[in-house]
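Have it open as you read.

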Amino acid sequence: MSRVLVVDDDSAMRAALEARFIRRGWRVETAASAREALEKFRRGMHPLIVTDIRMPGEDGFFIMREAQAMTAHTAVILLTAYANISEAVAAMKNGACDYLVKPVSFEQLEHAAERILSACSNDADQTKELVGQAPCWLRALQRARQAAATDADVLIEAESGTGKELVARLIHRLSPRHNRPFVAVNCAAFPETLLESELFGYSKGAFTGASNAKPGKFALAHGGTLLLEKAGEMPLSFQLKLLRAFQSR
């Protein structure tokens, strides 16, 4: 049975959501404030929090930050009656799994909740090889899960040997592109002239010795994921060409 913590200072909204979740077989706890919510969360570590954003005292963003500081295994859905684009972007960048505008139908909310918990369940299988319980590591994995659901370009920064490629492969496996190729290129292993051919390919007869056309890594990774390792070590002149490729998709 799925568990959810519902947080809203509006008693009518709180009671309505509680009744609908219970009717669908969920175990529900409710809270009217951030302080009450976090007290109940510390005891229950609910896998899902559904919280209003604007409430007296601390808001829904505060609840989300505090809950995620305790565990990376809790999903948060934010509800608001005052939607704006900058707030929605901030919500998703800071770890919300969804951002819904009131009045929201319960069917829409339940669909979002079930989709999120199903994805979290699948993630458990996908992350078996990624070992660690440090809060910063768990937050990094949560960011990877969020990135996997988008088509955004992703920058992974960490010290050598800490698992950047493992994280990149996790993003690929969790993404809609998982059935397409994953192609990795060590950009520091090629001089600039060869790197251009490696990434973008060339046509037959493009230069002396080019007896056959060769597809580049961008073409080979089409529809999937291209990992550019040590991209910062490429010559600056080539980085400008790469930027153009990213901008034009």
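1. Lys 230 is partly exposed, with 44% relative accessible area; the label covers values between buried (under 20%) and exposed (over 50%), using a 1.4 Å probe and protein chains only. Lys 230 sits in the loop between strand S9 (225-229) and helix H10 (236-248). Its phi is positive, near 55°, and the residue isn't glycine.

2. A word on the basis: this is a predicted model, where local features need pLDDT of at least 70 and side-chain atom pairs count only at pLDDT 80 or more, while totals for chains, interfaces and linings use all residues. Residues are numbered from 1 along each chain as its sequence is written, and side-chain values use heavy atoms, with hydrogens and water left out. Helices (H or I, at least four residues) and strands (E, at least two) are DSSP runs, numbered from the N terminus.

3. Met 45 also has a positive phi, near 45°. You'll find Met 45 in the loop between helix H2 (34-44) and strand S3 (48-52), partly exposed at 35% relative accessibility. Most residues other than glycine have a negative phi, and most peptide bonds are trans.

4. On peptide bonds: the one joining Lys 102 and Pro 103 is cis, with omega about -5°. Pro 103 falls in the loop between strand S5 (98-101) and helix H5 (106-126).

5. Leaving aside neighbours within four places in sequence, Gln 146 is in contact (heavy atoms within 4.5 Å) with Met 92, Gly 95 and Ala 96. Its side chain reaches the backbone oxygen of Ala 96 at 3.5 Å.

Technical notes: A polar contact is a pair of N or O atoms within 3.5 Å; within protein, one must be able to donate a hydrogen and the other to accept it, and residues adjacent in sequence count only if both atoms are side-chain atoms.
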